[in-house]
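Colleague: I'm new to this one. Could you walk me through it?

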2 protein chains.
Amino acid sequence: MTASTAQDAVTAGFIVIGDEILSGRTKDTNTGFLADYLTAIGIDLSEVRVVPDETDRIVEAVNALRERYTYVFTSGGIGPTHDDITADSIAAAFGVTIDVDPRARAILEAHYPPGGLTAARLRMARIPAGADLIDNPVSKAPGFRIGNVHVMAGVPSIMQAMVDAIAPTLKTGRKMLSRHVDADIPESRLAERIGEIQAKFPETLIGSYPRTSDGRFTTQIVIRARDEDILEQATAAVQDAVSITLA
Amino acid sequence: MTASTAQDAVTAGFIVIGDEILSGRTKDTNTGFLADYLTAIGIDLSEVRVVPDETDRIVEAVNALRERYTYVFTSGGIGPTHDDITADSIAAAFGVTIDVDPRARAILEAHYPPGGLTAARLRMARIPAGADLIDNPVSKAPGFRIGNVHVMAGVPSIMQAMVDAIAPTLKTGRKMLSRHVDADIPESRLAERIGEIQAKFPETLIGSYPRTSDGRFTTQIVIRARDEDILEQATAAVQDAVSITLA
């Protein structure tokens with residue numbers, strides 16, 4: 001059992017939905033935001049998938065991940081246009097119906113000027129049966145939660161506001177703590193000693209990350225654990241290993 | 001059949017391997033780089049997965065994606081440290097043996113000073129049986145190709161050099177061309193007309209991407225097709241739709 005599969009861990013999968021990420025036209029920043037956020041509140045992000053705007057592909061990813069993790073989050077595809085098929089795909093994944101939701105409709109009616117709730121905009125009120133709405137303080141059209149799946153917008157500012165809205169409702173695990181040690185040495189010179197430290201402290205996750213700066217190879221060693229004492233012991237051992245290697 | 005599954009399409013899946021991406025400590029930029037690169041040479045990136053440094057998870061992702069796409073690319077986990085388990089995981093996925101490869105060993109021996117090829121560094125010469133090496137002009141330790149799977153380093157500068165090295169060996173498809181139309185209108189006002197244009201030009205992929213700038217909602221419509229004439233016709237139709245909506 002690794003630290004990331006510990007019994008007290010709360011896990012998550014994230015599905016980024018959108019052709020624009022896969023074509024390179026838009027660079028995904030939602031993964032980095034969500035990874036930082038979940039780590040900070042004690043939820044382990046365990047897998048990310050980026051899938052195109054295709055129903056079958058969305059259904060497959062949602063069903064694979066919702067079985068496996070405590071929570072699933074999605075971003076993208078809940079706008080008013082023809083390529084926004086996330087809500088319908090989530091309904092298909094759960095085998096439930098989908099229609100214009102009176103609560104969502106009321107939010108949009110209040111937001112647009114009289115007569116402004118066009119057929120296209122009303123698409124944004126389509127919510128799978130049994131889902132709860134997720135508040136969107138930025139542009140009003142809501143996200144939703146069904147089962148353990150949280151469906152959010154792809155626009156980063158809206159997605160971030162939605163994460164803030166749902167965070168208080170999430171069960172969080174014992175927080176994964178981390179320390180890092182920067183070493184002005186290529187990682188190959190540290191590898192053996194760090195491997196021994198990992199073996200000695202199985203409750204930690206020790207990562208070694210090579211970097212290049214000014215053409216030189218340096219290493220950042222990251223030590224993660226849920227227990228503060230063990231974390232400090234392992235970190236001290238890594239610091240000693242770096243000192244010995246440099247000496 | 002959508003444009004992305006056209007018979008002349010060459011497809012790819014990308015697997016980002018590394019706990020540091022999932023914890024948020026490192027922000028992935030390899031996906032954006034590879035997406036741009038593959039689009040430019042006529043290969044459709046169809047799926048991305050980010051998985052932790054765990055053998056079972058790497059094996060599962062590699063086997064799922066190599067069946068499905070023309071090519072699979074991976075980044076991360078081929079360094080000298082204990083948490084670099086990608087090569088062994090790829091061997092497991094293909095059911096082949098893995099050992100120190102004489103070609104890879106020779107590259108490393110030539111690179112390090114006499115006696116410098118430690119046990120840890122020699123780990124970087126572990127290559128699955130039957131694989132070809134991928135040149136690493138940056139830090140020498142090679143990547144490798146086995147079947148349709150290309151295994152590369154996670155450090156962006158090295159990964160990019162490896163992509164350059166393998167690109168000439170890849171079969172490329174008929175290039176997906178794209179145009180975009182910027183509209184100073186929220187996408188909900190354009191949605192119906194754009195949906196009609198998508199229906200009229202089934203050989204295109206039309207995406208509508210909402211943006212916020214200075215607190216205003218604007219839209220970028222992206223039209224993609226492999227045929228230049230169809231692309232121009234659909235783009236003209238989108239420009240007309242924007243003009244009509246603004247009028």
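**A sheet in chain B**

Modeller: Let's start with one pair: B:Arg211 has B:Thr218, in S11(B), as its bridge partner. This is a predicted model, where local features need pLDDT of at least 70, side-chain atom pairs count only at pLDDT 80 or more, and totals for chains, interfaces and linings use all residues. Residues are numbered from 1 along each chain as its sequence is written, chains are lettered from A and ligands numbered from 1 in the order in which they are written, and side-chain values use heavy atoms, without hydrogens and water.

Colleague: Over how many bridges do S10(B) and S11 pair?

Modeller: Nine, in the antiparallel sense, with S11 of chain B covering residues 216-225. Strands pair if DSSP finds at least two bridges between them; helices (H or I, at least four residues) and strands (E, at least two) are DSSP runs, numbered from the N terminus.

Colleague: What order do the three strands of the open sheet take?

Modeller: S9-S11-S10 in chain B, with antiparallel pairing. The edge strands are S9 (177-183) and S10 (205-213) of chain B, each pairing on one side only.

Colleague: And which strands does helix H8 of chain B touch?

Modeller: H8 (residues 187-200) packs on the sheet and touches S9, S10 and S11 of chain B. Contact means heavy atoms within 4.5 Å.

Key: Axes fitted to C-alpha atoms, helices over the stretch in contact; angles between N-to-C directions.
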